[in-house]
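Reader: I'm new to this one and would like a guided tour. Can you show me the structure, then take my questions?

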Amino acid sequence: MYTPKQSNIQILIQAPDLPIETRALTLNPTSTIRDLKLSLLPPQILDSFFFTLHGKILHDTSTVQKSGITPLSTIVLHFRLRGGGGDGGATGAESRDCYLNMYAIKKPDKVDPNEQRLSKWTTCALSFEPLRHPCVVDSLGNVFNKEALVEALLGKKMPKAFGHIRGLKDMVPIQLSVIPGLESDNGGSSAGARYQCPISGLEFNGKYRFFAIKTCGHVLSAKALKEVMSSVCLVCYEGFREEDKIPINGSEEEVAALRGRMDEEREKVREKKAKKAKKGELRVNGDEDVSLDSRLTGKKHGIDAKAVERVDGKMEKNGKVVNGRDVVKGEINGVKRPKPAQPPPNATKEVYASIFTSSRKTELKETYMCRSLPLGRN
């Protein structure tokens, strides 16, 4: 079969990514796009470039005729960009799994240390609400709103971190001095600190150390206590010892020292109660060690002291009471004891047993003629 010979066509080539001017080339329609590249570029960099016609990519294996190139058409030579991760800095060595793993791990939010410090010193350690009167502090220096603490104790919802708090007796009421001008801000709507040292004027915001005096409850800065060396409170002039100072929101070392001091004090209280228990004293509700007389007498319990003395006395065989009061033998508090009832004559245990039908024994035997009749009752 005869195939007519096709004439060559002339096209225009542009290369905006390269410093090459627009040029005209004459091509055979049966030539491939790769042959076109070889006429312009070295073989080592052919894969780094590609041609487009009206925005459509031309593959290297397709011919000029099949690619839709007509005479005087303009094709554009582009540089091929490697990678393509979409972030502008990807390389061919990175895979899709790298990006998935990178975005799958949730990074923790960064917390401003200043905001965290201010929140610790201006809010309740239990409810995280702004501090407001009345406030209390525990043996480890944690500050609470008294109302929130009482609700947690009554509802038995104390967190494990505050397990050392057993009741309000473990707390110390404190008096925080409000910064002048913020007296009406009882809800704590101000962004910064609301309290200050009444002596030095330093704000209660965590930048400075503060101590709570256990004897009076005033909260003073460490600077004020250092500048004025005194064994009395600088506000109310009540005396205190060095161990009566509780550091507010102290460091880990200070908290460890306070915990050790708290354990020592509780151990001393247990030893004191144990010694009192050996001496014959009793405990009431686990709070105080009191003797029998103090536990049963007094207007609080509504018990007559003279009646307690009469009950507390022990009777001897000769009818005398230990406290010296003589009574007749057989009497209790002046009242004669009733005599026990005497059994009737001829009463034996068989007589009493006859009252109950289950104790009656019979020698009658059941037969098929009287199987439905109760034996011993017909």
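Reader: In what order do the three strands of the open sheet come?

Author: This is a predicted model, where local features need pLDDT of at least 70, side-chain atom pairs count only at pLDDT 80 or more, and totals for chains, interfaces and linings use all residues. Residues are numbered from 1 along each chain as its sequence is written, and side-chain values use heavy atoms, with hydrogens and water left out. Strands here are DSSP runs of E, at least two residues, and helices are runs of H or I, at least four, numbered from the N terminus; two strands pair if DSSP finds at least two bridges between them. The pairing in this sheet is antiparallel, and the order is β7-β6-β8.

Reader: Which strands stand at the edges?

Author: An edge strand here has a single partner, so one of its sides is left without a neighbour in the sheet. That applies to β7 (143-145) and β8 (172-174).

Reader: Is leucine 25 buried or exposed?

Author: Leucine 25 sits in strand β2 (residues 20-27). Counting contact as heavy atoms within 4.5 Å, leucine 25 touches Ile9, Leu36 and Leu40, among others, leaving aside residues up to four places away in sequence. With a relative accessible area of 19%, leucine 25 is buried.

Reader: How far apart are the end C-alpha atoms of helix α6?

Author: The expected span of a helix is 1.5 Å times one less than its number of residues. For the 27 residues of α6 (residues 252-278) that should be 39 Å. The model agrees, with the end C-alpha atoms separated by 39 Å.

Reader: Which residues of α6 are buried?

Author: An α-helix has 3.6 residues a turn, so residues three or four places apart point the same way. What covers the buried residues of α6 includes β13 (245-247). Those buried in α6 include Leu258, Met262 and Arg266.

Notes
Buried < 20%, exposed > 50% of the residue type's maximum accessible area, 1.4 Å probe, protein only.
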